[in-house]
Amino acid sequence: MTNTKTFDIAVIGGGAAGCMAAIRAGQLNKDVVLVERNDSIGKKILITGKGRCNLTNLADEDAFIEKFGNRGEFLRTAFHSFSNEDLIAFFRSIGLETKAERQGRVFPATDKARSVIDALNKALADTGVKVIYNTRITKISRGGAVFKLTSDDGAEIAAKKIVISTGGVSYKVTGSTGDGFRMAESLGHKIAPLKPGLVPLTTKEAWIKELQGLALENIKVTFECGKKKIISDVGELMFTHFGVSGPLVLDMSARVMALLEEGKEVRLLIDLKPGLRHEQLESKLLHKFKVKGNIVSKNLMKDLLPQRLIERFLKYCEIRQETKTNQITQDQRRAMVDALKCFPLTISGSLPIEEAMVTGGGVSIKEINPRTMESRISPGIYFAGEMIEGEAASGGYNLQQAFSTGYLAGEKAAECVK
C-alpha cells in the first residue's frame, strides 16, 4: 500500500550501516523510515564472528585507515566522526557492554550477536524510527525536492533524502543481492567491479578433503607467485573439503585472487613451526632420532604435528609411516625439516562471491563526498557500508566501517533536510 506522507529521510537496508544511519538521523529529531526486505534487521550481523559478532577493533584511527589500503583515506572523516570508542560508548548507553579479545577484537560481553540486534532495535525505537519489514525497494525516482521509492510489489514511499545501505552481494541468504548497486547505476553511478573479499580459497590438491575440519594454529603462511610474495603473521588456518580457510587465508584472499587474475600459478607455503629456524628443527629431529631410534616415523611426529596431518606429511616427504626412525636417511630428514618450514599447496581459485564474508568493489569512492557520504552524481542520495568500494581484513574493521559511514550519512542527511 502506498504511503502518502513524506519522510525526512528514508534508509534502504537494515544492516549495521542502515540501522546506524537511521538511529543518528532519529537522534537529530528527523522523521525517519527504515525499509528492510527481511522480516527483521541485521541478518548478516547474526552470522558475523561465528555468531558472536566482532563489532569493531581497538586499533587507532590510522591503523583503521591502513587496513583499507588505498581507499582508506576516503574513510578518515567517517572514522573520526564515529570512532571505535564512540561505537563502544553507544552500545554501552543502550545497555550492551563489550569486551576486547586477542588482536584488539571487540565483541558483545554476552558473546551473542543477537544481543547486538536487540540493542539496535531498542535504539531504533528510542529515536522514533519507523521500520518497515518485508519490503524490497527496487527503484528510486526523483520528483522535484522529493524522492520516490518503489518496491517490487508497487508500493511507494516518499522522502526528502535517501540513504542506500543494502550491503554487497555476499551471503545472499541475508538479503544482499545487489539491489543497491542496480539502483546506484540507475542514478548514474559507476560500480567498481565486484569481487569476493574475505573468501576461502580452493586448491588443486584433491587430497585436501582428507584434512577437512583440521585447524592449524600458530602457523605462518606465504603466498608465492613468481617473485611476488605475500607473507602472513602468525595465526590460524583451516582445511576444508575444497581447500583452505581460516583467518590467515581470509585476510589475504583478495590479494591472492589479484595474483591469480594475472594468470600465474600461486603456491601456498605453510610454515608449521614459525618459532623455530631450520637448524633448530634439524637439531631437534636429530635428538629425537637418537633417543627414539626404534619407533616408527608416524609415532615420531606425534608431538610435532596434528595426528591427521602426519600421514599426508610423511607421504610428501616420501617416508613410509612404518619406517623406523633409525632407518630414515639424511636426505629424508632434511626433507622433513624443509616440509615443516614450507609445506606446499597450489591455489586454484576461491569460492564464489556469494560465499565471501564481504564484497569488494561497489560504488566508486570518486563519486561520493567523503565528508558527508553524499553522492556527487545525485545530490540527496547517501551511501553507507558495503555499498562503498573497498574492504579490509577481518578483525572488526569492516563492521566499524559500516557503523561509521552509516552514522556520517545519517547525520549529514539530517542536517540537510529543510
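Student: Why is Glu224 called buried?
Tutor: Its relative accessible area is 19%. Buried means under 20%, exposed over 50%, and partly exposed in between, with a 1.4 Å probe and protein chains only. Because 19% is under 20%, Glu224 is buried.

Student: What kind of model is this, and which residues and atoms count?
Tutor: This is a predicted model: local features need pLDDT of at least 70, side-chain atom pairs count only at pLDDT 80 or more, and totals for chains, interfaces and linings use all residues. Residues are numbered from 1 along each chain as its sequence is written, and side-chain values use heavy atoms, without hydrogens and water.

Student: Where does Glu224 lie, and what does it contact?
Tutor: Glu224 is in strand β12. A strand is a DSSP run of E, at least two residues; a helix is a run of H or I, at least four; both are numbered from the N terminus. Beyond neighbours within four places in sequence, Glu224 contacts Lys229, Glu265, Val266, Arg267 and Leu269. Contact means heavy atoms within 4.5 Å. Leu269 is 45 residues away along the chain, yet the C-alpha atoms of Glu224 and Leu269 are 7.6 Å apart.

Student: Which residues of α10 are buried, and what do they pack against?
Tutor: In helix α10 (residues 307-316), they are Leu309, Ile310, Arg312, Phe313 and Leu314. They pack against β12, α9 (297-300), α11 (330-341) and β17 (343-350). An α-helix has 3.6 residues a turn, so residues three or four places apart point the same way. Glu318 follows α10, with a positive phi near 60°.

Student: How do you know that β4 and β5 pair?
Tutor: There are 3 bridges between β4 and β5 (residues 105-108), which run antiparallel. Pairing needs at least two DSSP bridges, so these strands pair. Lys99 has Phe107 in β5 as its bridge partner. The open sheet has 3 strands in the order β3-β5-β4, paired antiparallel.

Student: What makes β3 and β4 edge strands?
Tutor: β3 (56-57) and β4 (98-100) each pair on one side only.

Student: What makes a set of residues a nonpolar core?
Tutor: Its members are buried Ala, Val, Leu, Ile, Met, Phe, Trp, Tyr and Cys, joined through side-chain atoms within 4.5 Å. The largest core has 80 residues; Phe90, Phe91, Leu120, Ile140, Ile162 and Phe403 touch the most other members. Helix α12 (residues 397-416) gives the most to this core, with 9 residues. Apart from it lies another core of 46 residues, including Ile219 and Phe239.

Student: What makes a space a cavity rather than a pocket?
Tutor: Escape of the probe. On a 1 Å grid over the protein atoms alone, a cavity is a set of points where a 1.4 Å probe fits but cannot get out; a pocket is an open set with protein on both sides within 12 Å along at least five of seven lines. A search of the whole structure finds 1 cavity of 30 Å³ or more. The largest cavity holds about 40 Å³.

Student: How does the lining of the largest cavity divide by class?
Tutor: Into 4 nonpolar, 3 polar and 2 charged residues. Lining residues have an atom within 4 Å of a point. Phe68 and Arg71 are among them. Phe counts as nonpolar and Arg as charged, so Phe68 is in the nonpolar class and Arg71 in the charged class.

Methods
Grid points are joined across faces, edges and corners, and a volume is the space filled by probe spheres set on the points.
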